[in-house]
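I opened the notebook to look up a few things in one structure. My entries follow in the order I made them.

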Amino acid sequence: MLKGMLRKTDIVLIIFFLVIAAGFNFFLYSIEEKKGGEATVVVNIDGDVVDTYSLNKDGEYEITNGHFHNKMKIAGGQVSMIEADCRDQICIHSRPIKGSNETIVCLPNKVVIEVKNIENDYGIDAISQ
């Protein structure tokens, strides 16, 4: 039914715009990867910054909020949550983060881990430009 409504020029235009969109997406991704500055891991507890770590320095770090406990691991330029005493364990099952403005959240323990690019973090998201 839809095939009878589309002409050859319509199909060519659709393919053209899909190729342009894919190229634009690749361009934005390559800009994000080339950003200068040091990537930093920022640890927030209950909305307050409590620690910052270099994304380039591997290690395991304890995060304590009163009687709540989490442990994050920085390895190979990625951050992951490896321990948490919360019931749901969603933060443990989150994928590792490495890009600017990506987060891991442990909501029960009020812990947010975020990767920031110190020099070029303008607070602008590539999608919102």
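**Entry on contacts.** I count two residues as being in contact when they have heavy atoms within 4.5 Å. With that cut-off I looked up Met72, leaving out residues up to four places away in sequence. Met72 touches Val41, Val43, Tyr53, Gly59, Glu60, Tyr61, Ile63, Val79, Ser80, Met81, Ile82 and Ile113.

**Entry on confidence.** I noted that this is a predicted model. The mean pLDDT of the protein is 84, and 81% of the residues score at least 70. I then went through the elements. Helix α1 (residues 2–5) has the lowest mean pLDDT, 62, and strand β5 (residues 78–84) has the highest, 95.

**Entry on the core.** Which residues have the most contacts inside the largest nonpolar core? I found Val41, Met72, Ile74, Val79 and Ile113. This core has 20 residues. At least two of its residues come from each of β1, β3 (59–65), β4 (68–75), β5, β6 and β7 (111–117).

**Entry on the sheet.** I looked up an open sheet of four strands and wrote down its order as β2-β1-β7-β6, with antiparallel pairing. Which strands stand at the edges? They are β2 (48–54) and β6 (103–106). Each has a single partner strand, so one side of each is left without a neighbour in the sheet. From one strand to the next, the twist averages 20 degrees. I also checked one pair: β1 and β2 are antiparallel and share six bridges.

**Entry on Asn44.** Asn44 belongs to strand β1, and its bridge partner in β2 is Val49. A polar atom of the Asn44 side chain lies 3.5 Å from the backbone nitrogen of Val49. Is Asn44 buried or exposed? Its relative accessible area is 13%, and buried means under 20%, so Asn44 is buried. Setting aside neighbours within four places in sequence, I listed the contacts of Asn44 as Val49, Lys110, Val111, Val112 and Glu114.

**Entry on Thr40.** Thr40 is found in strand β1, which covers residues 39–45. The relative accessible area of Thr40 is 8%, so I put Thr40 down as buried by the under-20% cut-off. I then looked up how Thr40 and Lys98 are placed. They are 58 residues apart in sequence, and their C-alpha atoms are 9.5 Å apart in space.

How values were computed:
Residues are numbered from 1 along each chain as its sequence is written. This is a predicted model: local features need pLDDT of at least 70, side-chain atom pairs count only at pLDDT 80 or more; totals for chains, interfaces and linings use all residues. Side-chain values use heavy atoms; hydrogens and water are left out. Buried means under 20% relative accessible area, exposed over 50%, partly exposed in between (1.4 Å probe, protein chains only). Two strands pair if DSSP finds at least two bridges between them. Axes are lines fitted to C-alpha atoms, for helices over the stretch in contact, and angles run from 0 to 180 degrees between N-to-C directions. pLDDT is the predictor's confidence in each residue, from 0 to 100. A polar contact is a pair of N or O atoms within 3.5 Å; within protein, one must be able to donate a hydrogen and the other to accept it, and residues adjacent in sequence count only if both atoms are side-chain atoms. A nonpolar core is a set of buried Ala, Val, Leu, Ile, Met, Phe, Trp, Tyr and Cys residues joined through side-chain atoms within 4.5 Å.
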